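Please keep the sequence and the structure in view while working through the numbered points.

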Amino acid sequence: MEQTLSIIKPDGVSRNLVGEIIRRFEQAGLRVAAVRKLHLSAREAGDFYDVHRQRPFFGDLVSFMTSGPVVAMVLEGPGAIAKNRDLMGATNPKDAAKGTIRGDFSESIDANTVHGSDGPQTAAQEIAFFFARREIM
């Protein structure tokens, strides 16, 4: 059973899209194995997105991710990583297909509603960032 991390970003939480986004995951056959709502500190957001630290958008990303609460969750199921990425749609909402989360809900490339792990190693690291093993059911 493959697992992946999904985050509903501050724009999705503030617009009350949490239930709809989780519904889409579940209808696609993914199971929520853990979920947590939290407000990231600047240090936590910076550590989570450390891979982007040298990129010009890093400061804006950290600022956005700390602008309000997020909902982090572990999704699991066969092919969970690819299925989650398909459901999310392209990073830039202008390129995201209608019917995807980003295509339907994102307001901009910065406020693009969701984050998802891009591979098995990243998923393991990202899940461990937010959840202890005992918290994943």
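1. Ser106 is placed in the loop between helix 6 and strand 4 (114-116). The model under review is predicted. Is Ser106 buried or exposed? Its relative accessible area is 15%, and a residue under 20% counts as buried, so Ser106 is buried.

2. The surroundings of Ser106 can be listed. Leaving aside neighbours within four places in sequence, Ser106 is in contact with Pro93, Ile101, Ala111, Asn112 and Thr113. Met137 stands 31 residues away from Ser106 along the chain, and the C-alpha atoms of the two are separated by 30 Å.

3. Arg102 deserves a point of its own. This residue is found in helix 6 (residues 101-105). Arg102 is buried yet has no salt bridge. Which side chain of opposite charge is nearest to Arg102, and how far away is it? It is that of Asp11, at 8.5 Å.

4. Not counting residues up to four places away in sequence, Arg102 touches Met88, Gly89, Ala90, Thr91, Pro93, Ala96, Asn112, Val114 and His115.

5. Strand 3 (residues 70-77) is mostly covered, with 8 of its 8 residues buried. Val70, Ala72, Val74 and Glu76 point one way from the strand, while Val71, Met73, Leu75 and Gly77 point the other way, and all are buried.

6. Strand 3 has two partners to consider here. Strand 1 (residues 2-8) runs antiparallel to strand 3 and is joined to it by 7 bridges; Leu5 has Val74 of strand 3 as its bridge partner. Strand 2 (residues 31-38) also pairs with strand 3 in the antiparallel sense, over 7 bridges. In this second pairing, Lys37 stands opposite Val71 of strand 3.

7. How many salt bridges does the structure hold? The total is 11. One of them joins the side chains of Glu76 and Arg31, whose closest N and O atoms are 2.5 Å apart. This pair links distant parts of the chain, since Glu76 lies in strand 3 and Arg31 in strand 2, 45 residues apart. Glu76 is buried at 12% relative accessibility, whereas Arg31 is partly exposed at 39%.

8. A further salt bridge lies within a helix. The side chains of Arg24 and Glu20 meet at 2.9 Å, N to O. Both residues belong to helix 2 (residues 18-27) and are 4 residues apart, about one turn of the helix. Arg24 is buried, with a relative accessible area of 16%, and Glu20 is partly exposed, with 25%. Both also take part in a network of salt bridges that links Glu20, Arg23, Arg24, Lys98 and Asp104.

9. Asp47 and Arg53 provide another example, their side chains meeting in a salt bridge at 4.0 Å, N to O. Asp47 has a relative accessible area of 39% and is partly exposed. Arg53, at 34% relative accessibility, likewise counts as partly exposed.

10. The aromatic pairs come to 4 in count. The ring centres of Phe48 and Tyr49 are 4.9 Å apart and their planes stand at 90°; an angle over 60 degrees is counted as edge-to-face, and therefore this pair is edge-to-face. Phe129 and Phe130 form an edge-to-face pair as well, with 5.0 Å centre to centre and 70° between the planes. Phe48, Tyr49, Phe129 and Phe130 form one aromatic cluster.

11. Phe48 is buried at 10% relative accessibility, and Tyr49 is buried at 5%. Phe130 is buried with a relative accessible area of 6%, whereas Phe129 is partly exposed with 34%.

Definitions and conventions
Residues are numbered from 1 along each chain as its sequence is written. This is a predicted model: local features need pLDDT of at least 70, side-chain atom pairs count only at pLDDT 80 or more; totals for chains, interfaces and linings use all residues. Side-chain values use heavy atoms; hydrogens and water are left out. Rings of Phe, Tyr and Trp (its six-membered ring) pair if their centres lie within 6.5 Å; planes under 30 degrees apart count as stacked, over 60 as edge-to-face and the rest as tilted. Buried means under 20% relative accessible area, exposed over 50%, partly exposed in between (1.4 Å probe, protein chains only). Helices (H or I, at least four residues) and strands (E, at least two) are DSSP runs, numbered from the N terminus. Two strands pair if DSSP finds at least two bridges between them. Lys and Arg count as positive and Asp and Glu as negative; His and the chain ends are not counted. Contact means heavy atoms within 4.5 Å.
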